[in-house]
Amino acid sequence: MFFSLPVLMYHSICKFKHRLCISPDLFEDQCRVLAANGWRGIRLSEAEDYFLRKGKLPKKTLLFTFDDGYLDSYVHAEPILRRYGHHGALFPVLDLVERDGPLRPTREDLGTNPDAAPLIAELDKRPTVFRSRQSVSEIRFCNWNEIRQMHKHGHMASAPHSLRHDRVIRSLEFKHLYTPGQQRGFFSPPPHAVLWGFPQFNLGHFLSDRAYVPVPELFELVKKMVPQENKEALAFLRKPVNMQALLKAIRALPVLGVLESEQQYRARIFKEFTQCRERFEGELGEAPLSFCWPWGDYSSMAREEAKRAGFRLFFTTMRGANVRARAGQVRRMSVRNGTGEELLQRLRVHSNSLYSEAIFWHNAIYARAWKKREGKKFLFRTFPFLSHK
């Protein structure tokens with residue numbers, strides 16, 4: 001009566017020190033402890049059947065999910081899941097999946113394939129590279145042959161996590177300008193060419209926000225006023241008189257950008273959804289029912305266009321109970337550093353819809369998200385009739 005399906009959200013399974021990474025040894029401990037206590041990670045198709053077709057699941061079931069399609073999902077996560085009888089779901093960013101290439105070694109090949117150890121060491125280091133003139137951590141992704149191989153084993157199904165995981169300019173408000181030496185995350189490059197001295201506009205998520213397009217006059221102004229060589233740009237922008245003159249000139253422009261219409265927004269995201277399904281079907285031979293929202297963010301229009309494109313089940317980053325009454329929107333709990341025993345205790349709570357929902361409302365009201373006015377999103381998504389839209 002009070003059953004709730006816990007859905008675990010992982011990203012990278014490697015030893016790199018980052019909030020989205022957990023070590024393979026820790027992940028294996030979690031899988032081992034869960035299996036030893038009778039818990040089973042189900043297939044994505046079983047979860048779809050539960051949410052969309054009112055299928056039944058045993059009490060001690062959960063769903064493992066892995067966002068973005070990192071190579072370590074193939075090297076570490078899938079072999080560990082398979083070893084302990086679990087299944088999972090991989091949500092790759094389709095444009096980041098490597099087009100071609102052979103099957104690379106996995107942790108199972110250590111000791112027999114001399115290429116296995118160097119590959120694993122490389123995944124743990126993540127060297128710094130430059131994208132969009134900014135420093136980011138290099139990330140390796142699966143190729144389609146590896147995704148097909150995981151499908152063949154049957155322990156790691158896949159569904160799209162968008163084509164590009166992009167951002168758009170959500171508003172023309174800005175407090176800072178782009179400056180040489182800034183460190184950015186892999187998924188943070190702006191949706192335009194980076195010029196030193198260009199405004200850092202408020203960015204939103206590609207699928208959930210209508211986009212502003214900067215006017216050409218803004219690019220021309222910045223190019224004219226700010227030298228674009230790194231050292232010269234840094235010296236120029238460090239002088240208050242130069243910065244004040246640049247800001248004054250930018251704010252004197254009559255228009256900084258043009259907002260796309262609702263029709264343009266819908267056409268843009270519908271194209272994204274249809275291309276996801278076509279690409280996925282072309283590579284794996286089946287049209288996906290599930291879609292994982294990038295950053296867990298979406299809009300009512302995005303959900304409408306995704307359904308029109310053929311998607312039926314949507315994975316979010318919201319917390320709370322997963323019961324059939326909310327079929328279509330799947331909530332997930334993020335898993336970070338925690339032992340198998342600690343995860344087991346969390347599952348005992350979150351597999352009960354009453355307890356899970358109580359924790360959700362506690363977090364929504366009192367956690368930092370509420371202070372950042374994210375609480376309204378949680379509230380209206382849970383009870384849409386409270387919204388006047």
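Residues are numbered from 1 along each chain as its sequence is written, and side-chain values use heavy atoms, with hydrogens and water left out. Because the model is predicted, local features need pLDDT of at least 70 and side-chain atom pairs count only at pLDDT 80 or more, whereas totals for chains, interfaces and linings use all residues.

The chain comes to 14 helices and 17 strands. Helices (H or I, at least four residues) and strands (E, at least two) are DSSP runs, numbered from the N terminus. Of the 389 residues, 51% count as buried. Buried means under 20% relative accessible area, exposed means over 50%, and partly exposed lies in between (1.4 Å probe, protein chains only). Contact means heavy atoms within 4.5 Å. Among contacts between residues at least 6 apart in sequence, 72% join residues at least 24 apart.

In soluble globular proteins, nonpolar side chains tend to be buried together. A nonpolar core is here a set of buried Ala, Val, Leu, Ile, Met, Phe, Trp, Tyr and Cys residues joined through side-chain atoms within 4.5 Å. The largest such core has 55 residues. Those with the most contacts inside this core are Leu-8, Tyr-10, Phe-27, Phe-64, Phe-66, Phe-273 and Trp-293. A second, separate core of 22 residues includes Ile-169, Phe-201, Ile-250 and Leu-256. Leaving out residues up to four places away in sequence, Phe-64 touches Leu-8, Tyr-10 and Phe-27, among others. Cys-31 and Gly-88 are also among the residues that Phe-64 touches.

Phe-64 stands opposite Gly-88 in strand E6. Strands of a sheet pair through backbone hydrogen bonds, either parallel or antiparallel. Two strands count as paired if DSSP finds at least two bridges between them. Strand E5 (residues 61-68) and E6 pair in the parallel sense over five bridges. Strand E6 (residues 88-92) is mostly covered, with five of its five residues buried. Gly-88, Leu-90 and Pro-92 point one way from E6. Ala-89 and Phe-91 point the other way.

A further three strands form an open sheet in the order E14-E15-E16, with parallel pairing. Its edge strands are E14 (290-292) and E16 (329-330), each of which pairs on one side only. Strand E15 (residues 313-315) and E16 are joined in the parallel sense over two bridges. Phe-314 stands opposite Gln-329 in E16. Helix H2 (residues 44-53) lies across E14, E15 and E16 and runs at about 115° to E15. Axes are lines fitted to C-alpha atoms, for helices over the stretch in contact, and angles run from 0 to 180 degrees between N-to-C directions.

Helix H11 (residues 340-350) has the buried residues Gly-340, Leu-343, Leu-344, Leu-347 and His-350. Seen down the axis of H11, these residues fall within an arc of 130°, so they line one face of the helix. The arc is that of the directions from the helix axis to the C-beta atoms. An α-helix has 3.6 residues a turn, so residues three or four places apart point the same way.

Trp-39 is found in the loop between helix H1 (24-36) and strand E4 (40-41). Trp-39 counts as buried because its relative accessibility is 6%. Trp-39 and Thr-61 are 22 residues apart in sequence, yet 5.6 Å apart in space, C-alpha to C-alpha.

Other loop residues were also examined. Ala-193 is found in the loop between strand E10 (167-177) and strand E11 (199-205). Ala-193 counts as exposed because its relative accessibility is 52%. Ala-193 and Phe-219 are 26 residues apart in sequence and 9.0 Å apart in space, C-alpha to C-alpha.

Most residues other than glycine have a negative phi, and most peptide bonds are trans. Lys-54, in the loop between H2 and E5, has a positive phi near 60°. Lys-54 is exposed, at 67% relative accessibility. His-165 has a positive phi of about 55° although it is not a glycine. His-165 lies in the loop between strand E9 (156-158) and E10. His-165 is buried, with a relative accessible area of 6%.

A disulfide is a pair of cysteine sulfur atoms within 2.5 Å. By this rule the count is zero disulfides. Cys-31 is buried at 0% relative accessible area. Cys-292 is likewise buried, at 0%.
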